[in-house]
Amino acid sequence: MSWAWEYVPDEETVASGAPPAFLTAVEKMADELVRASEALHLHGPAYQDADEGAKHAFVDGGFFVYMVTPRAELVTIWQITPDPGLDA
C-alpha cells in the first residue's frame, strides 16, 4: 500500500465549480499532507490509535476539510470552501 489522497465522496461532488487556481492550491497542499502523514505514520496499516478526526487546512483562495486515516494510508478531502470574495 502507498499513501495517497482523494476527494470523498468524489472530485465532482467536492470540487465542482471551484476556481482552478484554488483547486491547484488545495491539491498541492494535499500532496504535502500525504508526505507529512507518511513520515509521521511509518507503519500506517498497523496503526492502532483512533484517527485524529477532521481538520482544516488554509490555502490561497480559501480552505478545505480533510482527515488522515493511517490504517488506510489515506488523506481524504471532504469539503473545499473558496473565499467568496475572490473571483472565479
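Predicted model: local features only at pLDDT ≥ 70, side-chain atom pairs only at ≥ 80, totals over all residues.
Residues are numbered from 1 along each chain as its sequence is written, and side-chain values use heavy atoms, with hydrogens and water left out.

View 1. Helices (H or I, at least four residues) and strands (E, at least two) are DSSP runs, numbered from the N terminus. The C-alpha trace spans about 45 × 20 × 20 Å along its principal axes. For 88 residues, a compact globule would have a radius of gyration near 12 Å, and the chain agrees at 13 Å. That radius is taken over C-alpha atoms, and the globule rule is 2.2 Å times the number of residues to the power 0.38. Buried residues make up 38% of the 88; buried means under 20% relative accessible area, exposed means over 50%, and partly exposed is in between (1.4 Å probe, protein chains only).

**View 2. Four strands line up as an open sheet.** Their order is β1-β4-β3-β2, and the pairing is mixed. Two strands pair if DSSP finds at least two bridges between them. At the edges stand β1 (4-7) and β2 (55-59), each with a single partner strand, so one side of each has no neighbour in the sheet. From one strand to the next, the twist averages 35°. As a bit of background, strands of a sheet pair through backbone hydrogen bonds, either parallel or antiparallel. Zoom in on β1 and β4 (residues 74-82) and you'll see a parallel pair with four bridges. Here A4 stands opposite L74 in β4.

**View 3. Helix α2 lies across the sheet strands.** This helix covers residues 20-40 and lies across β1, β2, β3 (62-69) and β4. Against β4, α2 runs at about 155°. For such angles, axes are lines fitted to C-alpha atoms, for helices over the stretch in contact (heavy atoms within 4.5 Å), and the angles run from 0 to 180 degrees between N-to-C directions.

**View 4. Aromatic rings pair up here.** The whole structure holds three aromatic pairs. Rings of Phe, Tyr and Trp (its six-membered ring) pair if their centres lie within 6.5 Å; planes under 30 degrees apart count as stacked, over 60 as edge-to-face, and the rest as tilted. One of the pairs is F58 with F63, tilted, at 5.5 Å centre to centre and 40° between the planes. F58 is exposed, with a relative accessible area of 63%, whereas F63 is partly exposed at 24%. F64 and Y66 make another tilted pair, 5.8 Å centre to centre with 50° between the planes. Both F64 and Y66 are buried.

View 5. Most residues other than glycine have a negative phi, and most peptide bonds are trans. In the loop between β1 and α1 (11-15) you'll find P9, and a cis peptide bond joins V8 and P9, with omega about 15°. At 9% relative accessibility, E73 counts as buried.
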